[in-house]
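Please keep the sequence and the 3D view open while reading.

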Amino acid sequence: MAKAEAPALAGAPAPPPPPSVVAAAPASPASPALLATNDVAASKSVPDSPHSATMLIYTANITMAVYQVEAALQGVETAARDAGGYLSARQDTSITVRVPRDHFDDAIARIEKLGDVTHRDIKAQDVTDEFVDLQARLKNAYVMRDRLTELLARAAVKEAIDIEKELGRVTEEIERMEGRMKLLRDQIAFSTITVSFTPLAPDRVRESSMLNAFPWLQSLGLGSLLDVH
Amino acid sequence: MNTHASLLFPLALLVASASGCSRPFDIKTAPGLVELQDQEPAYSYRAISPEGVAVAVKVIDLEENQGDLAFWARATSLRMHQLNGYALLGEGDLKSRNGVPGHELRFGHDESGKPYVYTLRVFLTHKGWPSNGSRLFLVESGGPREEVARYQHALDWMGGSLEVD
């Protein structure tokens with residue numbers, strides 16, 4: 001499946017609003033229950049026939065300074081709910097929320113006001129090819145299943161065993177493809193925003209070679225200042 | 001002999017001065033904080049309050065052309081904000097008591113889930129002849145947010161008393 005992934009936009013403003021071609025029917029503004037996906041809203045937002053429509057999955061990873069984390073975590077959750085989204089996961093120093101795609105930019109803007117953003121990574125993954133391909137294969141699989149069902153009704157006992165085996169395989173394939181399409185629909189309809197409250201990862205710290213030339217810079221901060229042992 | 005003695009006495013004073021008996025800065029310790037002894041080499045000066053509010057001064061000797069004040073203000077800001085995850089709450093220019101320009105960075109950071117604040121003031125002076133180098137002064141203060149607020153007057157007073165050479 002061809003997947004086009006937009007480059008990470010570290011430190012850049014949020015991308016332009018998602019295209020409206022896919023948003024034939026906006027997601028319901030009603031807040032789903034916490035920690036649960038909303039399949040109904042997801043299926044409403046994504047048309048069954050995406051011909052000529054670009055299907056994008058938006059994800060945002062935002063890193064914020066480690067200050068007043070508890071209040072900021074609560075703020076992110078509230079912003080998601082107000083946008084018609086829901087909480088997906090929450091730990092001590094990070095939170096993941098899902099928001100209706102049409103509210104993605106607004107939610108990002110509101111969340112970024114809750115703290116001091118140190119890093120921003122926003123991606124749009126194009127799943128149009130995969131979606132269209134799945135749809136075509138699913139259509140063929142339905143035809144195959146119906147045909148096998150017809151044959152089974154007229155088959156002799158010996159042939160019926162082979163047909164049932166093939167019918168089972170096709171049915172399994174249909175369920176797998178339906179599951180994948182359901183997942184894609186959900187991911188397209190609800191953008192994922194993860195906010196982390198952590199210092200920059202060690203590998204990114206090493207990238208800042210300029211600062212490595214002055215190791216005493218590493219001794220700045222509350223850790224050393226307040227350590228009077 | 002008298003001539004020799006009159007020459008040796010100023011020389012002895014000069015040697016004593018250059019041997020580290022005096023610091024290249026002066027800062028007054030506010031009532032409520034005590035200066036800690038033997039803080040070298042990490043700090044040239046450090047004082048604390050019983051509640052855990054601390055003030056410290058680091059002095060970094062730099063070679064010639066190793067950055068101006070803007071460079072070091074940016075480098076320290078980058079270090080604390082983007083790498084250490086400190087929230088930049090504010091910043092601005094200021095001067096030491098003896099008129100040396102400096103830059104102040106104010107940060108917030110959670111320690112064990114509690115909000116702390118941390119202020120860093122950066123000053124840069126040029127050493128006199130025969131050196132072409134410069135001296136970077138890093139004045140740090142911080143502690144639990146509520147305690148720092150209680151000590152803000154004392155911290156401001158200490159910051160205002162700083163003179164750098």
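Helices, of at least four residues, and strands, of at least two, are runs assigned by DSSP and numbered from the N terminus. Counted in this way, chain A has 8 helices and 6 strands, while chain B has 4 helices and 9 strands. The model is a predicted one, and the points below should be read with that in mind.

**The two chains**

- In chain B the pattern along the sequence is α-β-β-β-β-α-β-β-β-β-α-α-β, and buried residues make up 34% of its 165 residues.
- Among the contacts in chain A between residues at least 6 apart in sequence, 77% join residues at least 24 apart; in chain B, residues 24 or more positions apart account for 52% of the contacts with a separation of 6 or more.

**Where the chains meet**

- Contact between the chains involves 25 residues of chain A and 33 residues of chain B.
- On the side of chain A that touches chain B, the elements giving two or more residues are helix H2 (69–82) and helix H8 (222–225) of chain A, and the largest share, 3 residues, comes from H8(A).
- Sorted by class, this side of chain A has 15 nonpolar, 8 polar and 2 charged residues.

**Helices**

- Helix H5 of chain A covers residues 157–189, and at 1.5 Å a residue its 33 residues should span 48 Å, which agrees with the 47 Å between its end C-alpha atoms.
- Within H5(A), the residues Arg185(A), Gln187(A), Ile188(A) and Ala189(A) are buried.
- Helix H4 of chain B (residues 152–161) has Ala154(B), Leu155(B) and Gly159(B) as its buried residues; seen down the axis of H4(B), they fall within an arc of 135°, so they line one face of the helix.
- On the other side of H4(B), His153(B) and Asp156(B) are exposed, whereas the buried residues of H4(B) pack against strand S4 (54–62), strand S7 (114–126) and strand S8 (134–144) of chain B.

**Sheets and strand pairs**

- In chain B, 7 strands form an open sheet with antiparallel pairing, in the order S2-S3-S4-S8-S7-S6-S5.
- Strand S2 (34–35) and strand S5 (87–95) of chain B stand at the edges of this sheet, and each has a single partner strand, so one side of each is left without a neighbour in the sheet.
- Strand S3 of chain B (residues 45–48) runs antiparallel to S4(B) and is joined to S4(B) by 4 bridges; Arg46(B) has Ala56(B) in S4(B) as its bridge partner.
- In chain A, strand S3 (residues 86–90) and strand S4 (residues 94–100) pair in the antiparallel sense over 4 bridges, and they form a hairpin with 3 residues between them.
- Within this pair of chain A, Arg90(A) stands opposite Ile95(A) in S4(A).

- In soluble globular proteins, nonpolar side chains tend to be buried together.
- Here the largest nonpolar core has 75 residues, of which Val76(A), Ala80(A) and Ala107(A) touch the most other members, and S7(B) gives the most to this core, with 7 residues.
- Leaving aside neighbours within four places in sequence, Ala80(A) is in contact with Gly85(A), Tyr86(A), Leu87(A), Val97(A), Val99(A) and Ala107(A).

- Most residues other than glycine have a negative phi, and most peptide bonds are trans.
- Gln68(A), which is not a glycine, has a positive phi of about 50°; Gln68(A) lies in the loop between strand S2 (56–64) and H2 of chain A.
- Is Gln68(A) buried or exposed? With 21 other C-beta atoms within 10 Å, Gln68(A) is buried, because the cut-off for a buried residue is 20 or more.
- Asp38(B) also has a positive phi, near 55°, and is found in the loop between S2 and S3 of chain B; with 6 C-beta neighbours inside 10 Å, Asp38(B) counts as exposed, because the cut-off for an exposed residue is 12 or fewer.
- The loop between S2 and S3 of chain B also holds Pro41(B), and the peptide bond from Glu40(B) to Pro41(B) is cis, with omega near 0°.

Conventions. Residues numbered from 1 in each chain as written. Chains lettered and ligands numbered in written order. Predicted model: local features only at pLDDT ≥ 70, side-chain atom pairs only at ≥ 80, totals over all residues. Expected span 1.5 Å × (residues − 1). Arc of directions from axis to C-beta. Contact = placed C-beta atoms within 7 Å. Nonpolar A, V, L, I, M, F, W, Y, C, P; charged D, E, K, R; others polar. Pairing = 2+ DSSP bridges. Core = buried A, V, L, I, M, F, W, Y, C linked by C-beta atoms within 7 Å.
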